Amino acid sequence: MNKVFLIGNLTKDPELSSTTSGIKFCRFTLAVSRSYAKDGKRETDFLPVVVWRAQADNCARYLKKGSRAAVCGSIQTRTYDAQDGSRRYVTEIAADEVQFLTTKNEDERDGADFDDLKPIDDDLPF
């Protein structure tokens, strides 16, 4: 069984592309913290994710650097020959589902100035 569930934050804006046959795909890297600490520090893994077709469009449209997302998919490995003639190996997550855990408004608010917020009414009964 090859099934992966990840929750993390995008390290940069997603990149939308198309194959030569016109099928859209989107690539992004997800920063995922490990559940254990080594020497008092939690380590983070940076995992490449690829999403296909309509979900790729949605990821490119609604995700950006820093967005929190949950990914469900499988691990895949592929090889290719580099320009220098060496064989390269790539391991990535092929996402079947991507759940956006922050909304577009939350992402926009991350850099917002909160000085314009109104104070809470002190006459609340609780």
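Predicted model: local features only at pLDDT ≥ 70, side-chain atom pairs only at ≥ 80, totals over all residues.
Residues are numbered from 1 along each chain as its sequence is written, and side-chain values use heavy atoms, with hydrogens and water left out.

## Fold

The protein chain has two helices and six strands, in the order β-β-β-β-α-β-β-α from the N terminus. Helices (H or I, at least four residues) and strands (E, at least two) are DSSP runs, numbered from the N terminus. Of the 126 residues of the protein chain, 25% count as buried. Buried means under 20% relative accessible area, exposed over 50%, and partly exposed in between (1.4 Å probe, protein chains only). The accessible surface of the protein chain is about 9,300 Å², and 49% of it belongs to carbon and sulfur atoms. These areas come from the Shrake-Rupley method with a 1.4 Å probe; for residues, only the protein chains shown count as cover. Among contacts in the protein chain with a separation of 6 or more, 57% are between residues 24 or more positions apart. A contact means heavy atoms within 4.5 Å.

## Strand pairing

Two strands pair if DSSP finds at least two bridges between them. The pairings are listed here.

| Strands | Sense | Bridges |
|---|---|---|
| β1 and β3 | antiparallel | two bridges |
| β2 and β3 | antiparallel | four bridges |
| β3 and β4 | antiparallel | 11 bridges |
| β4 and β6 | parallel | two bridges |
| β5 and β6 | antiparallel | 13 bridges |

Individual residues locate these pairings. Asn 9 stands opposite Ala 31 in β3, and Leu 16 stands opposite Cys 26 in β3. Thr 29 has Pro 48 in β4 as its bridge partner. Val 50 has Ala 94 in β6 as its bridge partner, and Cys 72 stands opposite Glu 97 in β6.

Three hairpins each contain a residue with positive phi. In the hairpin of β2 and β3, with five residues between the strands, Gly 22 takes a positive phi near 90°. The hairpin of β3 and β4 has two residues between the strands, and there Asp 39 takes a positive phi near 60°. In the hairpin of β5 and β6, with five residues between the strands, Gly 85 takes a positive phi near 95°.

## Nonpolar core

In soluble globular proteins, nonpolar side chains tend to be buried together. A nonpolar core is here a set of buried Ala, Val, Leu, Ile, Met, Phe, Trp, Tyr and Cys residues joined through side-chain atoms within 4.5 Å. The largest such core has 17 residues, and those with the most contacts inside it are Phe 28, Leu 30, Val 49, Val 71 and Val 98. Two or more residues come from each of β1 (4-10), β3 (24-38), β4 (41-52), α1 (53-62), β5 (68-81) and β6 (87-100). Strand β3 gives the most to this core, with four residues. Leaving aside residues up to four places away in sequence, Val 71 touches Val 4, Phe 5, Leu 6, Phe 28, Leu 30, Val 49, Ile 93, Ala 95, Glu 97 and Val 98.

## Aromatic pairs

Rings of Phe, Tyr and Trp (its six-membered ring) pair if their centres lie within 6.5 Å; planes under 30 degrees apart count as stacked, over 60 as edge-to-face and the rest as tilted. Phe 25 and Trp 52 form a tilted pair, 5.2 Å centre to centre with 40° between the planes. Phe 25 is in strand β3 and Trp 52 in strand β4, 27 residues apart. Phe 25 counts as buried at 13% relative accessibility, whereas Trp 52 is partly exposed at 35%.

The ring centres of Tyr 62 and Phe 100 are 6.2 Å apart and their planes are at 45°, so this pair is also tilted. Because Tyr 62 lies in helix α1 and Phe 100 in strand β6, the pair ties together parts that are 38 residues apart in sequence. Tyr 62 is partly exposed, with a relative accessible area of 39%, and Phe 100 is partly exposed, with 26%.

## Cysteines

The structure holds zero disulfides, a disulfide being a pair of cysteine sulfur atoms within 2.5 Å. The cysteine sulfur closest to that of Cys 26 is in Cys 59, at 5.4 Å, which is too far for a bond. Cys 26 is buried, with a relative accessible area of 0%, and Cys 72 is buried, with 9%.
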